[in-house]
Amino acid sequence: MATTYSSETSWPTEWLRGALSVCVLHVIADGPTYGYAVASTLADAGLGTIKGGTLYPLLGRLEEAGLVSVEWRAGDGGPGRKFYSLTDAGRAEHERQAEHWRAFADLTTSFLDSPAHAAPTRKAP
């Protein structure tokens, strides 16, 4: 039976730090979107609450790296929003990071599902 995680799940910061870039690129790969929607999608997926102080600097770095483009759009009766879209380089980076993450997750899962390993023996120099 698969374990489900809610938006209130609190993952170790180190884990989120490692996965956040690929997850944000994955959300943006579905089409132009804005920061609050990215954070909501990640929370709905069970990754927990991503604070603006974490998300927006990452979006800025992705923009500086040429992986996302930014467009201001008028809001529906509210303030305008900054919409992010993947560039061609961003799509390639999304695919590269997703492939690497899957390989890392598969390796980690395989390792954790195997019997505990004895400490390696070392020969004295």
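This is a predicted model: local features need pLDDT of at least 70, side-chain atom pairs count only at pLDDT 80 or more; totals for chains, interfaces and linings use all residues.
User: Among contacts between residues at least 6 apart in sequence, what percentage joins residues at least 24 apart?
Analyst: The protein has 125 residues, of which 28% count as buried. Where contacts between residues at least 6 apart in sequence are considered, the share that joins residues at least 24 apart is 55%.

User: Are α1 and α3 roughly parallel or roughly perpendicular to each other?
Analyst: The axes of α1 and α3 come within 11 Å and cross at roughly 75°. Angles of 65 to 115 degrees count as roughly perpendicular, and α1 and α3 are therefore roughly perpendicular to each other.

User: How do the residues of the contact of α1 with α3 divide by class?
Analyst: On the side of α1 the contact is made by Leu20, Ser21, Val24, Leu25 and Ile28, and on the side of α3 by Thr54, Leu55, Leu58, Leu59 and Leu62. By class, the contact of α1 with α3 has 8 nonpolar, 2 polar and no charged residues.

User: What is the handedness of the crossing in which α1 passes α4?
Analyst: α1 and α4 pack at an angle of about 130°, with their axes 9 Å apart. That angle makes α1 oblique to α4, and the crossing in which α1 passes α4 is left-handed.

User: How many charged residues are there in the contact of α1 with α4?
Analyst: From α1, the contact is made by Gly18, Ala19, Ser21, Val22, Leu25, His26 and Ala29, while α4 brings Glu93, His94, Gln97, Ala98 and Trp101. The residues of this contact of α1 with α4 divide into 6 nonpolar and 5 polar, and the number that is charged is 1.

User: Is the crossing of α2 and α3 left-handed or right-handed?
Analyst: The axes of helix α2 (residues 35-44) and helix α3 (residues 52-64) come within 10 Å and cross at roughly 120°. That makes α2 oblique to α3, and the crossing of α2 and α3 is right-handed.

User: How many nonpolar residues does the contact of α2 with α3 have?
Analyst: In this contact, Gly35, Tyr36, Val38 and Ala39 in α2 meet Leu55, Tyr56 and Leu59 in α3. The residues of the contact of α2 with α3 include 1 polar and no charged, and the number that is nonpolar is 6.

User: Against which elements do the buried residues of α2 pack?
Analyst: The buried residues of α2 are Gly35, Ala37, Val38, Ala39, Leu42 and Ala43. These buried residues of α2 pack against α1 (13-29), β1, α3 and β3.

User: Does Thr49, in the loop between α2 and α3, count as buried or exposed?
Analyst: α2 is followed by Gly46, whose phi is positive, near 95°, and Thr49 is found in the loop between α2 and α3. Thr49 is also 9.7 Å from Trp11 in space, C-alpha to C-alpha, although the two are 38 residues apart in sequence. At 61% relative accessibility, Thr49 counts as exposed.

User: Which residues does Thr33 touch, not counting residues up to four places away in sequence?
Analyst: The place of Thr33 is in strand β1, and at 11% relative accessibility Thr33 counts as buried. Not counting residues up to four places away in sequence, Thr33 touches Val27, Ile28, Val38, Lys82, Phe83 and Tyr84.

User: How many residues apart in sequence are the parts that the pair of Tyr34 and Phe83 ties together?
Analyst: The structure holds 3 aromatic pairs. In one of these, the rings of Tyr34 and Phe83 have their centres 5.3 Å apart and their planes at 70°, so the pair is edge-to-face. Because Tyr34 lies in strand β1 (residues 33-34) and Phe83 in strand β3 (residues 81-86), the separation in sequence of the parts tied together is 49 residues.

User: Is the ring pair of Trp101 and Phe104 stacked, edge-to-face or tilted?
Analyst: Being 3 residues apart in helix α4 (residues 88-113), Trp101 and Phe104 are separated by about one helical turn, and Trp101 is partly exposed, with a relative accessible area of 35%. The rings of Trp101 and Phe104 have their centres 5.7 Å apart and their planes at 45°, so the pair is tilted.

Technical notes:
Residues are numbered from 1 along each chain as its sequence is written. Side-chain values use heavy atoms; hydrogens and water are left out. Axes are lines fitted to C-alpha atoms, for helices over the stretch in contact, and angles run from 0 to 180 degrees between N-to-C directions. Helices (H or I, at least four residues) and strands (E, at least two) are DSSP runs, numbered from the N terminus. Angles under 35 degrees count as roughly parallel, over 145 as roughly antiparallel, 65 to 115 as roughly perpendicular and the rest as oblique. A crossing is left-handed if the near helix is turned anticlockwise from the far one by less than a right angle, and right-handed if clockwise. Contact means heavy atoms within 4.5 Å. Ala, Val, Leu, Ile, Met, Phe, Trp, Tyr, Cys and Pro count as nonpolar, Asp, Glu, Lys and Arg as charged, and the others, Gly among them, as polar. Rings of Phe, Tyr and Trp (its six-membered ring) pair if their centres lie within 6.5 Å; planes under 30 degrees apart count as stacked, over 60 as edge-to-face and the rest as tilted. Buried means under 20% relative accessible area, exposed over 50%, partly exposed in between (1.4 Å probe, protein chains only).
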